[in-house]
Amino acid sequence: MAKTDALSILESAETKEKLKELDGNLIEAIQKDALSNRLKNTEYSGDPTSGSVVINRFKNAESANYGTARSAGKGSKLKNSGKVTINLDKDKEIIEEIENKDLKFFAVGGLAERRTANHSKRMAAELDRAFFALAESKAKAVTLATGVVDIDDVVEAAIQQVEETNNDWVDGVDRSDIEVTLSTHAYSKLRKYVDVIDGGVGAEATPLFHGVRVYSNTRQTADVIVMRHGSIAQPVSIDDYAAERIGLSNASAIELFYSYGTAAITPDLIAKIVELPVATTSTSDSGTSTGGGTTGGTSAGGTSQGQ
């Protein structure tokens, strides 16, 4: 059997074409695997490959009496008071070495194809964790009213906090623009509630709660996060897959380099409940008292029943 030269394999047209194909597969897989990709703001100006992008946030327009602009000779200027510049300052790499003997049996494209699925999942996990860590750090804690402990009331209260926001940029938020991400614990509780209401029929086909999209998320620490779609931006720049011979060795490397940045565009439209409130029960000679405990900066009360 003729000896196969690793460098010739790396530089072959077939290998380069295969790696180019895997670039598209990687991006497609990340878009599918990363929850943050469905929620993030993509309305930026600029090219992520340049190292930074800009997202504008203009102040709400204000009406004036008829003739005001004519008298002044000019209209009101746009106030871009919420402008955010996002630097792609997180530079990352995934470099895996392959021995020449493995190249002979599998070829670079075959091995890369096997590893692409893993690379996309690791990138998705990293992007998600950065996205939701920032969301939690910027979110305003929800203060629950006394007696609010049931999962449907808890999530509804968090939704309303975002929905009712009113400031220079926002005059209320449509529910169709709001999204909820829940810890697996909180999602399970809400699913049980929805399943009971729907009779367990077709519940999974409707990922909505009171008109708001809901997702289960393993990459957040807060039990409940509510935000307007696009509240967080996370531009990503991914270099093409590359393969090269490692010097002074009989090995080669598959290389993936990428950069990203994460920023809050509308921090005023992010709310959280760190920990779901838990109803507490205590007994005494005079009766049984049921109430809500205080958790994660939220509190809930309850009622007393005599015997």
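Is glutamate 179 buried or exposed? I looked it up: glutamate 179 is buried, at 2% relative accessibility. My scale is relative accessible area with a 1.4 Å probe and protein chains only: buried is under 20%, exposed is over 50%, and partly exposed is in between.

Ground rules first. I am working on a predicted model, where local features need pLDDT of at least 70, side-chain atom pairs count only at pLDDT 80 or more, and totals for chains, interfaces and linings use all residues. Residues are numbered from 1 along each chain as its sequence is written, and side-chain values use heavy atoms, with hydrogens and water left out.

**Entry: salt bridges**

I find 7 salt bridges in the structure. I count one when a side-chain nitrogen of Lys or Arg is within 4 Å of a carboxyl oxygen of Asp or Glu.

I began with glutamate 179, which pairs with arginine 213; their closest N and O atoms are 3.1 Å apart. Glutamate 179 sits in strand S5 and arginine 213 in strand S7 (residues 212–216), 34 residues apart. I take helices (H or I, at least four residues) and strands (E, at least two) as DSSP runs, numbered from the N terminus. Arginine 213 is partly exposed at 28%.

Next I checked lysine 92 and glutamate 126. Their side chains form a salt bridge, 3.5 Å from N to O. Lysine 92 is in strand S3 (residues 90–99) and glutamate 126 in helix H5 (residues 100–138), so this pair ties together parts 34 residues apart in sequence. Lysine 92 is partly exposed at 34%. Glutamate 126 is partly exposed too, at 21%.

Then I looked at arginine 175. Its salt bridge partner is glutamate 163, with the closest N and O atoms 3.0 Å apart. Arginine 175 lies in the loop between helix H6 (151–163) and strand S5 (178–182), while glutamate 163 belongs to helix H6; the two are 12 residues apart. Glutamate 163 is partly exposed at 22%. I also noted a salt-bridge network that links Glu156, Glu163 and Arg175.

**Entry: largest pocket**

I get about 360 Å³ of space in the largest pocket. Of its 20 lining residues, Asn41, Glu43, Arg228, His229 and Thr266 are the closest to the centre. A pocket here is an open set of points on a 1 Å grid over the protein atoms alone, where a 1.4 Å probe fits, with protein on both sides within 12 Å along at least five of seven lines; lining residues have an atom within 4 Å of a point. The volume is the space filled by probe spheres set on the points.

I sorted the lining into 6 nonpolar, 7 polar and 7 charged residues. Asp, Glu, Lys and Arg count as charged; Ala, Val, Leu, Ile, Met, Phe, Trp, Tyr, Cys and Pro as nonpolar; the others, Gly among them, as polar.
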